[in-house]
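Here are my notes on the model, point by point. Please read them with the structure open.

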Amino acid sequence: MSSKKDREQKLLLLLSKNQEYLTSEDLAETLHTSQKTIYRLIKKINANFPNGRLILSEKGRGYKLDKEKFIGQNMLKQSKASHLSPRERRNRIMEELLLSSPKAKKVYDLYEAYFVGESVIFTDEQAISEQLRSYNLRLVRKQRTVAIQGDEAAIRKAIADLIQLSNVIDIDEIKTNEELNLNHYDVCFILEQLRFMEKQLDITLPYPYNINIFSHLYILISRSKIVGTAVLSERSISGFEEVKGDEKEQLLYKVASATIRKIEHYLMKKLPESEIYYLYQYLVSSRMQGSFSKVTTFSAIVTQITQRYLDEMAVKLNVPMKGEAIFLDLANHIKPMLNRLRHGIQVKNSLLSQIMMTYEDIFSQVKEVSDFISITFDLPVVNDDENGFITLYFARIIETNQLPIRTIIMCTTGIGTSELLKVKVEKKFPELEIIDVLASRNAKNLMEKYAGIDLILSTVQLPETVSIPYLLVSAMFNADDQNRLQKKIEAIYHER
């Protein structure tokens with residue numbers, strides 16, 4: 001336990017053992033410290049306590065613990081800790097160690113709130129060590145202390161993966177979500193910085209890019225508070241360079257610089273200049289909404305990669321992908337994506353599992369094209385989160401640019417009920433283009449008269465000589481008919 005934390009605990013323990021008021025002089029003498037320190041400790045404990053004052057004071061008598069609040073606080077802490085799963089407990093322990101790295105922490109302090117034995121602690125350490133290997137980080141145990149050692153960039157990446165923000169879609173939810181275990185004051189300050197950057201750039205940072213920048217700034221502030229800026233200066237700055245891009249990129253760098261200065265004022269600490277460049281990397285790697293983000297001209301590499309995606313996916317999906325709007329939409333995603341790959345920035349896609357399930361074939365084909373593009377253009381591997389975002393672009397292209405299904409409606413006479421069927425079909429399925437309504441006796445001349453027909457809806461059984469896909473439906477076109485037609489339409493689109 002740190003000396004400050006130790007003094008706080010000893011003060012609370014001393015007060016909890018006494019029913020009467022104790023003077024600051026008595027407290028200072030018992031705890032072997034100064035009265036000034038006692039005043040400071042009491043002020044800090046009361047300031048951090050969420051439900052009013054934990055330590056009561058009365059002029060001329062001294063200080064006394066509010067026993068009901070104290071007991072309730074300890075029961076709440078124990079209850080919250082005991083309900084954590086082993087994985088959640090290990091993640092919290094690892095997060096605490098990462099935030100304080102490379103400083104060592106006492107094992108007792110780490111596990112005090114969890115009420116577990118030595119065997120559980122040993123098992124946790126083995127699991128944490130294994131998890132840290134994927135980041136090239138080491139868990140170092142010395143007697144009764146433990147620490148995480150490794151590169152600063154790897155430490156920040158591990159912290160970012162641990163902070164459970166991937167399922168947060170509404171950025172303002174972070175302020176009220178108690179499960180996130182974040183510092184409320186830091187959260188409010190960072191949200192202010194996000195609004196500052198949006199105002200300066202006249203843009204909106206949409207999900208998930210706003211969540212990504214929030215995580216970056218939260219980790220920066222937390223690390224600065226716990227380990228100081230000297231450790232942050234050790235972070236690898238390979239790629240740190242003067243920004244020589246266009247006017248927009250210069251403005252992004254200027255806004256990043258202003259934001260870091262505001263963070264320095266908040267922390268009352270000077271940060272390494274490289275932190276400006278790291279924040280700039282996140283901004284230039286983010287998709288933005290607003291006039292600032294509308295780009296119509298792109299570098300040669302962005303143009304080539306965007307066009308390659310469109311060409312390859314057009315062949316795989318058998319859907320034409322031409323037009324300036326389609327190109328610009330995808331290129332405006334590819335440009336920041338290439339920056340993310342270059343800077344090693346990963347954006348979590350909380351919809352990934354749903355995308356992979358809903359658009360399984362498209363996702364698989366996008367993944368193949370991404371792997372091909374990574375090799376062809378000597379890029380880092382495009383991860384599944386990025387492939388999920390790209391999949392949504394092509395799913396939207398298919399759904400908004402799919403050619404209509406040319407359809408013939410066929411009934412016994414071609415009049416009466418067939419016209420009613422036509423009205424019902426057009427109302428329920430606008431993707432069908434009804435070419436004509438025919439009597440079934442005309443089926444033999446169908447192929448000659450109507451070339452390029454995709455589907456026949458018929459209320460009568462058609463002869464086997466008709467090679468066009470058809471669906472037998474009732475004249476009343478009931479719910480079962482509609483469900484079967486929906487599946488038929490999906491099958492036709494899949495065939496295309």
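1. Terms first. A residue is buried when its relative accessible area is under 20%, exposed when over 50%, and partly exposed in between (1.4 Å probe, protein chains only). Helices (H or I, at least four residues) and strands (E, at least two) are DSSP runs, numbered from the N terminus.

2. Basis. This is a predicted model, in which local features need pLDDT of at least 70, side-chain atom pairs count only at pLDDT 80 or more, and totals for chains, interfaces and linings use all residues. Residues are numbered from 1 along each chain as its sequence is written, and side-chain values use heavy atoms, with hydrogens and water left out.

3. Confidence. pLDDT is the predictor's confidence in each residue, from 0 to 100. The protein chain has a mean pLDDT of 83, and 86% of its residues reach 70 or more. Confidence is lowest in helix H4 (residues 67-82), with a mean of 55. It is highest in helix H17 (residues 360-376), at 95. Residues 75-80 stay under 50, and the model gives them 1 contact (heavy atoms within 4.5 Å) beyond four places in sequence. Residues 236-240 are also below 50, with 8 contacts beyond near neighbours in sequence.

4. Overall make-up. The protein chain holds 21 helices and 9 strands. Of its 496 residues, 45% are buried. Take the contacts with a separation of 6 or more: 69% of them join residues 24 or more positions apart.

5. Two strands pair if DSSP finds at least two bridges between them. Three strands form an open sheet, in the order S3-S5-S4, with antiparallel pairing. Strand S3 (105-106) and strand S4 (138-142) are the edges, each pairing on one side only. S3 meets strand S5 (residues 145-149) over 2 bridges.

6. The arc is that of the directions from the helix axis to the C-beta atoms. An α-helix has 3.6 residues a turn, so residues three or four places apart point the same way.

7. H3 for reference. Helix H3 (residues 35-48) buries Thr 37, Ile 38, Leu 41, Ile 42, Ile 45 and Asn 46. These residues cover an arc of only 160° around the axis, which puts them on the same side of H3. On the other side, Lys 36, Lys 43, Ala 47 and Asn 48 are exposed.

8. Ile 373 lies in helix H17. Its relative accessibility is 1%, so it counts as buried. Beyond four places in sequence, Ile 373 touches Ile 305, Arg 308, Tyr 309, Asp 378 and Leu 379. Ile 305 is 68 residues away along the chain, with 7.2 Å between the two C-alpha atoms. Gln 193 sits in helix H9 (residues 184-201). Gln 193 is buried, at a relative accessible area of 2%. Leaving aside neighbours within four places, Gln 193 contacts Leu 217, Thr 259 and Lys 262.

9. Strand S6 (residues 405-411). Here 6 of the 7 residues are buried. S6 runs parallel to strand S7 (residues 432-439), joined by 7 bridges. Thr 407 stands opposite Ile 434 in S7. S6 is also parallel to strand S8 (residues 455-458), through 4 bridges. Met 410 stands opposite Ser 458 in S8.
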